[in-house]
Amino acid sequence: LDAQLAADAFQSPPPPTAIEQAVTDYIAFLRVEGRARRTIVRYQCELSNLRDFLKSLHVTRLSQITPTHFDKFRAHCKGMGHGPRTLWHESVVVKQWFKWCHRRRLVAENTIADYKITKPVLEPREGPSLEQINQVLEIAPNLRKLELATLAFTGMRSGELQRLRFEDVDLKQGWIKIVSREGAETKTR
């Protein structure tokens, strides 16, 4: 006992932290880190779903969360019709959040640190056929035809098209450069 006291082996447990406060603090952290608005909105939604689900089980503090609760949450999400990739993403977000909580000493133990989640195999999806693209272009307003054709034939994201500048387009060489700029970042930067 003397040796353990000398080695400071007995530390007081972290104060009980409400799940709701931990979610709020994590979202604030993501904003400070400069995460994209869309990412923050998605994480907020996913963690709010977790918070509400746990509340229905009368689990309101971080220290109460167990791997079994995580099992039940994932089963609940699957029962709500979430696909394999969505379920995987939600699980990753929860694990990241809980890891952050542990690093901030909001919880003494990361009880889901060893929880294994399997990333689903990405199944390639076909894009629209040339016939389908032409059908869309036929009925599109004239002001939108160029935009829709550019998206269809380059594969760029709509946000990338919105941030395109004249200097990004080289009509002589046939190139369009996708550039992430400060204040106009692309999804993957």
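1. The model is predicted: local features need pLDDT of at least 70, side-chain atom pairs count only at pLDDT 80 or more, and totals for chains, interfaces and linings use all residues. Residues are numbered from 1 along each chain as its sequence is written, and side-chain values use heavy atoms, without hydrogens and water.

2. Helix H4 spans residues 67–79. Helices are DSSP runs (H or I, at least four residues), numbered from the N terminus. In H4, His69, Phe70, Phe73, Arg74 and Cys77 are buried (under 20% relative accessible area; exposed is over 50%, partly exposed in between; 1.4 Å probe, protein chains only). They sit on the same side of H4 because they cover an arc of only 135 degrees around the axis, taken from the directions from the helix axis to the C-beta atoms. Lys78 and Gly79, on the other side, are exposed.

3. Helix H3 (37–56) and helix H5 (84–103) are among the elements covering the buried residues of H4. Glu46 lies in H3. Glu46 counts as buried because its relative accessibility is 7%. Leaving out residues up to four places away in sequence, Glu46 touches Phe73, His89, Glu90 and Val93 (heavy atoms within 4.5 Å).

4. There are 6 aromatic pairs (Phe, Tyr or Trp ring centres within 6.5 Å, using the six-membered ring of Trp; planes under 30 degrees apart are stacked, over 60 edge-to-face, the rest tilted). Phe29 and Trp100 form a tilted pair, 5.7 Å centre to centre with 40 degrees between the planes. This pair joins helix H2 to helix H5, 71 residues apart. Ring pairs link Tyr26, Phe29 and Trp100 into a cluster.

Definitions and conventions: Helix = DSSP H or I, 4+ residues; strand = E, 2+ residues; numbered from the N terminus. Expected span 1.5 Å × (residues − 1).
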